[in-house]
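Here's a protein model to walk through together. Have the sequence and the 3D view open, and we'll take it a piece at a time.

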Amino acid sequence: MKEEPELLPVEEARARTLALLPSLPAEWARLDEALGRVLAEDVLARRTLPPWDNSAMDGFAVRSTDLLPPFPVRLRVVETIYAGRTPREEVRPGTCARIMTGAPLPPGADAVVMKERTRPAPEADAVEILEAVAPRNFVRSQGEDARTGEPLLPRGTALGIPELGLLVGQGLQEVPVPRRPRVAILSTGDELCRADEAPEGRIVDTNAPTLALAVRRAGGVPSVLGIARDTLEEVSGLLAAAEGYDFVLTSAGVSVGEHDFVRAALEQRGVALDFWRVAIKPGKPLVVGRKGGTVYFGLPGNPTSSLVTFELFVRPALRRMLGHADVEPPRVTGRLSGELRKPAGLAHFVRVSASWREGELWARPLSTQTSGALRSAASATHLLHFPRSSTHLGEGAQVELLPVSWGS
Ligand code: AMP
Ligand code: MG
């Protein structure tokens, strides 16, 4: 008799999954391939940016010591400096230069007065300044963004759009980041056929293509390896083809049915199983294990269950492999629109559609929750976490909502 393993709480199952992960070697990625990835090494600045002090406003470059009461103070305008031009004149006492945003601060000037704090003077070549300014007022200092040779972004920095903009400004074309995890995707089931086959009494394998999209969106590189029939030999054979990948995702065949061969096939191939039952619905039958540098996820077959378990376990794992430190699924607090009941024992992840009303995020459970129907994932914006021990959530209850990454 097989021993019945304990049901792991979702947080513990995720922690154990993350503990199994190997780390990936770094590669040089082009900047347009680096969004959402993480620096594997410190990056030093090659250029000082801005390269010179420049104006943060359209206005007048002045010597702040010229601006003493009584106001207005009349100054002679010696030139106009546009962005992209070089100042030709020094700003001497009693003078100023008209200056545009981004133009270099001329020698002699130490501050900028915005145009709105000035008015035309009777003479054509002068201006009246209406108030005093502090030194460095509206001056963007040389080196504010970066100084040659100094650290620009430390190892571990997640590369968002501004970070990549900083790197572009440095003239960098490639950055060191962990390579993308390679993910093999396998389907199992006698009832399945490929999308390009005539179904004839079978159903189209939708899990492999949806999981492939989810993997790509999470930053991995998916390879769909095909469908294994429900025999130990076929499942084991397809698993053999998946060796060498970083992750292997199988779907279906992980329950306790007579035709559920995934666990046995994994064991036959020498995969050390870490756990195979999690206290969640959907997704209770979920197998996670490791062999060498490959981590295996036996996901449930129901289309929505496979997406929910992807969200709770695979996506955080992919993000960790990409180098992210914080990979907990993001969550927000909202309120329940409606009522929910369940027995204690399993945490439920209820598909909801949430929208903002009067400053609060109201979550309405979708009318269909059956995990066999992809429709119950379509139009879901969040998964509502209905905790394991809780049995009732009333109208307006405060709830934890996990935004789904699979939406449009
Ligand atoms: P199983 O875990 O093998 O009992 O499968 C659970 C349910 O998911 C069954 O109704 C299967 O037909 C369905 N299913 C399994 N694999 C897939 C797949 N790749 N695409 C769509 N549905 C699937
Ligand atoms: Mg099956």
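Predicted model: local features only at pLDDT ≥ 70, side-chain atom pairs only at ≥ 80, totals over all residues.

Residues are numbered from 1 along each chain as its sequence is written, chains are lettered from A and ligands numbered from 1 in the order in which they are written, and side-chain values use heavy atoms, with hydrogens and water left out.

Four of its five residues are buried, so E12 is largely enclosed by the rest of the structure. Buried here means under 20% relative accessible area, exposed means over 50%, and partly exposed is in between, with a 1.4 Å probe and protein chains only. E12 pairs with strand E1 (residues 26–30) in the antiparallel sense, over five bridges; pairing takes at least two DSSP bridges between the strands. Within that pairing, glutamate 27 has valine 177 of E12 as its bridge partner.

Now look at helix H4, residues 232–241, whose buried residues are Val235, Ser236, Leu238 and Leu239. They span an arc of only 160 degrees around the axis, which puts them on the same side of H4 (the arc is taken from the directions from the helix axis to the C-beta atoms). An α-helix has 3.6 residues a turn, so residues three or four places apart point the same way. The buried residues of H4 pack against several elements, including strand E13 (182–188) and helix H5 (262–268); contact means heavy atoms within 4.5 Å.

Arginine 351 sits in strand E24 (residues 347–357). What is around its side chain? A polar atom there lies 2.5 Å from the backbone oxygen of glutamine 369, and one lies 3.3 Å from the backbone oxygen of phenylalanine 349. Arginine 351 is buried yet has no salt bridge, and glutamate 311, the nearest side chain of opposite charge, is 11 Å away.

Elsewhere, the whole structure holds 23 salt bridges, each a side-chain nitrogen of Lys or Arg within 4 Å of a carboxyl oxygen of Asp or Glu. One joins aspartate 53 to arginine 136 (2.9 Å, N to O). Aspartate 53 is in the loop between strands E2 and E3 and arginine 136 in the loop between E9 and E10, so the pair ties together parts that are 83 residues apart in sequence. Another links arginine 331 and glutamate 328 at 3.1 Å, N to O, and shared partners join Arg14, Glu328, Arg331 and Glu400 into one network.

Terms used: Helix = DSSP H or I, 4+ residues; strand = E, 2+ residues; numbered from the N terminus. Lys, Arg positive; Asp, Glu negative; His and termini not counted. Polar contact = N/O pair within 3.5 Å; in protein donor to acceptor, adjacent residues only side chain to side chain.
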